[in-house]
Amino acid sequence: MCLRKRSGYRPPDLINAKIYTGPVPAEREGELAMGGGRSETSALSGAGGGQGMSTTQNSQRPNACCFCWCCCCSCSCLTVRNEEERRRRRRKKRISQDTKMETIPKFEACTKPSVEEIQLWTQSFDKLMRNPAGRNVFREFLRTEYSEENMLFWLACEDLKQEVNKSAIEERARSIYENYISILSPKEVSLDARVREVINRKMQDPTPHTFEDAQLQIYTLMHRDSYPRFLSSNIYKSLIHSGSRTSSES
């Protein structure tokens, strides 16, 4: 069945497209009623006599891929970052007190970071993620942004890489998939279609590196999206302030 003929159906790529809904010029009504030998699109563009715009000018307009739903099969108009922002907003709206009180993995055991360590975190995201205390503080910040699942997924992938038992690998891989990859999970992370296809193939025979591509994509997302905000957050500033004060008192 052709989807275009369904009543009320609008292709996904045309949802945000601007559609002309104004009155049809009188001189074009006859052509439109009889078919005019031209498509509806060319008829509307040809009505530019009253708009002061020629067909040549119309043809010089850049073609926005989102305006043509039949040509967008290979065009991804939504970046992973934008999808992550929308998911964060939706999760913030639906999260309830019961969800907040659910079992949350404990923070990593670590010693209190020194002032020097805290200051190193500003130099690179890699230095922050290599430090257990840094990961804990960053995870606390992500929780305030309703995106803690990104860190939890990254940590789960790190744990999976250390596993050597075949049955344990399969069990952990299935748990990671259900908690962070499945679209039914409230803790689903933002991944593009290509990475999801790779994961689905690898899940047929899980290994410690099944989620390697996904882990890298989430790491990049946290680096580019969350890390800059973390450095300017009150959580990090208060940590710097308290560390400096402790250092001066001693």
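A residue counts as buried when its relative accessible area is under 20%. The views below come from a predicted model.

View 1. A pair of aromatic rings is described by the distance of the centres and the angle of the planes.

View 2. Ten aromatic pairs are found in a search of the whole structure. In one of them, the ring centres of Phe125 and Phe138 are 5.5 Å apart and the planes stand at 75 degrees, so this pair is edge-to-face. Because Phe125 belongs to helix α7 and Phe138 to helix α8, the pair ties together parts 13 residues apart in sequence. Phe125 and Phe138 are both buried. The pair of Phe230 and Tyr236 is tilted, with 5.3 Å from centre to centre and 55 degrees between the planes. One aromatic cluster is formed by Phe125, Phe138, Phe141, Trp154, Tyr219, Tyr227, Phe230 and Tyr236.

**View 3. Packing of helix α8 against helix α9.** The axes of α8 (residues 132-144) and α9 (residues 148-161) lie 7 Å apart, at an angle of about 140 degrees. From α8, the contact involves Arg135, Phe138, Arg139, Leu142 and Arg143; from α9, Glu148, Met151, Leu152, Trp154 and Leu155. Six of the contact residues are nonpolar and four are charged, with no polar ones.

View 4. Gly134 is part of helix α8, and its relative accessibility of 0% is why Gly134 counts as buried. Beyond its neighbours within four places in sequence, Gly134 contacts Trp121 and Leu128. Not counting residues up to four places away in sequence, Arg135 touches Glu108, Leu128, Met129, Arg130, Met151, Trp154 and Leu155.

**View 5. The largest nonpolar core.** This core has 36 residues, of which Phe138, Phe153 and Phe211 touch the most other members. At least two residues each are supplied by α7 (125-130), α8, α9, α10 (166-181), α11 (193-202) and α12 (212-231). The largest share, eight residues, is that of α9. Apart from neighbours within four places in sequence, Phe153 is in contact with Ile176, Tyr180, Ile181, Val189, Phe211, Ala214, Gln215 and Ile218.

Conventions: Residues numbered from 1 in each chain as written. Predicted model: local features only at pLDDT ≥ 70, side-chain atom pairs only at ≥ 80, totals over all residues. Heavy atoms only, no water. Helix = DSSP H or I, 4+ residues; strand = E, 2+ residues; numbered from the N terminus. Buried < 20%, exposed > 50% of the residue type's maximum accessible area, 1.4 Å probe, protein only. Contact = heavy atoms within 4.5 Å. Axes fitted to C-alpha atoms, helices over the stretch in contact; angles between N-to-C directions. Nonpolar A, V, L, I, M, F, W, Y, C, P; charged D, E, K, R; others polar. Core = buried A, V, L, I, M, F, W, Y, C linked by side-chain atoms within 4.5 Å. Phe/Tyr/Trp six-rings, centres within 6.5 Å; stacked < 30°, edge-to-face > 60°.
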